[in-house]
Amino acid sequence: MPRPFALTPGEPAGIGPDLCLLLSRQAQPHVLVAVASRALLASRAAQLGLTIELHEVDPQALPQQPAAAGQLYVWDTPLAEPAVAGQLNPANASYVLNTLQRAGQGCLDGLFAGMITAPVHKGVINEAGIPFSGHTEFLAELTHTEQVVMMLATRGLRVALVTTHLPLHEVADAITGERLQRVTRILHADLHSKFGIAQPRILVCGLNPHAGEGGHLGREEIDIIEPALEQLRGEGMQLIGPLPADTLFTPKHLEQADAVLAMYHDQGLPVLKYKGFGAAVNVTLGLPIIRTSVDHGTALDLAGSGRIDCGSLQVALETAYQMAAASGR
């Protein structure tokens with residue numbers, strides 16, 4: 001059996017604590033430890049009308065057997081102030097980061113096989129005076145990782161991104177041969193080492209409509225993308241493209257692909273979320289640890305209501321389990 005997995009509930013006023021509690025109604029196949037405030041989970045369970053046994057654990061003596069249905073292991077991480085469902089409180093920003101620090105460092109130290117994260121609220125952390133742009137950047141800094149890659153996946157489709165949260169008018173300038181090769185190497189390496197795919201087959205989107213139409217609709221494919229891919233093919237990678245994005249996402253192409261590499265956020269992710277919203281997972285590639293996350297936000301208006309779907313968190317857990325098994329953790 002692999003080492004335990006860490007689960008961080010994210011923003012305490014959001015649905016993350018609810019997700020952790022609702023999921024614990026069923027037994028997990030591996031040891032799962034919530035790095036969270038025990039008082040928060042107890043309060044939210046009462047609000048939801050759930051009877052969940054919260055077992056506090058020592059990080060230096062973690063359980064060896066999964067918790068039974070209706071039970072949840074907790075590495076108690078105190079809140080600064082009591083949390084109210086749906087009401088953000090900057091005072092608890094440090095709590096959120098402390099849970100991420102404990103889980104991430106636990107992965108680096110070998111306590112955990114991987115970490116699964118529920119959504120955080122970037123705005124309230126910044127309002128607390130703490131510069132924070134997201135889980136990915138936080139964990140990259142924690143693990144001293146220079147380059148990470150964002151990949152979302154659902155059953156039957158994985159989409160990685162060359163650029164992520166950029167205004168559209170900045171995307172073309174950000175697509176350089178160096179960046180494309182760096183991202184592709186990380187994607188290829190992690191598909192092999194963390195997903196157990198011996199020879200990953202990656203479809204690559206063009207940047208422009210019709211992949212540039214031979215240079216008539218833009219020359220980035222000719223001048224940047226094709227030369228970069230050709231060099232990577234010389235290293236033994238199976239790269240198909242650049243292909244027009246509007247036809248790439250069809251069964252004819254996807255049925256033989258292990259992943260799609262999109263040039264920008266709204267080129268690849270609308271298709272993936274149409275196919276699997278609520279059952280998709282966000283995976284951070286390039287880290288020395290395993291980290292998966294849900295594909296949605298904090299949903300403050302639903303916190304404490306019980307009217308939420310655990311599908312994305314379940315897929316995030318399953319993906320982390322699979323990645324740990326493939327990489328022997």
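## Elements and model

Helices, of at least four residues, and strands, of at least two, are taken here as DSSP runs and are numbered from the N terminus. The model is predicted.

## The sheet

Twelve strands form an open sheet with mixed pairing, in the order E3-E4-E2-E1-E5-E12-E11-E6-E7-E10-E8-E9. Its edges are strand E3 (53–56) and strand E9 (238–243), each of which pairs on one side only. Between neighbouring strands of this sheet the average turn is 30°, direction ignored. Helix H8 (residues 220–233) packs on the sheet, where it touches strand E8 (201–205) and E9, and its direction makes about 170° with that of E9.

Within the sheet, E11 and E12 pair in the antiparallel sense, over three bridges. Val-283 stands opposite Thr-292, a residue of E12.

## The largest pocket

The largest pocket holds about 690 Å³ of space. It is lined by 35 residues, and those closest to its centre are Lys-122, Thr-136, Met-150, His-165 and Asn-282. By class, this lining is made up of 16 polar, 12 nonpolar and seven charged residues.

Five elements, namely helix H5 (135–142), strand E6 (149–154), helix H7 (177–193), helix H11 (265–276) and strand E12 (291–294), each supply at least two residues of the lining of the largest pocket. The largest share of this lining comes from H5, with four residues. Because domain 1 (5–145 + 289–327) and domain 2 (149–273) both give residues to the lining, the largest pocket lies between them.

## The second largest pocket

About 330 Å³ of space lies in the second largest pocket. Of its 21 lining residues, Ala-153, Thr-154, Arg-155, Arg-158 and Gln-322 are the closest to its centre. Two or more residues of this lining come from each of E6, strand E7 (157–161), strand E10 (259–262), strand E11 (280–285) and helix H12 (311–326). H12 provides the largest share of the lining of the second largest pocket, six residues.

By class, the lining of the second largest pocket has 12 nonpolar, five charged and four polar residues. Domain 1 (5–145 + 289–327) and domain 2 (149–273) each contribute at least three residues to the lining of this second largest pocket.

## The cavity

The count comes to one cavity of 30 Å³ or more. The volume of the largest cavity is about 120 Å³. This cavity is lined by 15 residues, and nearest its centre lie Ser-24, Gln-28, Leu-32, Gln-71 and Leu-72. Helix H1 (16–23) and strand E4 (71–76) are the elements that give two or more residues to its lining.

By class, the lining of the largest cavity has 10 nonpolar and five polar residues, with no charged residues, whereas seven charged residues take part in the lining of the largest pocket and five in that of the second largest pocket.

Methods: Residues are numbered from 1 along each chain as its sequence is written. This is a predicted model: local features need pLDDT of at least 70, side-chain atom pairs count only at pLDDT 80 or more; totals for chains, interfaces and linings use all residues. Side-chain values use heavy atoms; hydrogens and water are left out. On a 1 Å grid over the protein atoms alone, a cavity is a set of points where a 1.4 Å probe fits but cannot get out, and a pocket is an open set with protein on both sides within 12 Å along at least five of seven lines; lining residues have an atom within 4 Å of a point. Grid points are joined across faces, edges and corners, and a volume is the space filled by probe spheres set on the points. Ala, Val, Leu, Ile, Met, Phe, Trp, Tyr, Cys and Pro count as nonpolar, Asp, Glu, Lys and Arg as charged, and the others, Gly among them, as polar. Domain bounds come from an automatic or database domain assignment. Two strands pair if DSSP finds at least two bridges between them. Axes are lines fitted to C-alpha atoms, for helices over the stretch in contact, and angles run from 0 to 180 degrees between N-to-C directions. Contact means heavy atoms within 4.5 Å.
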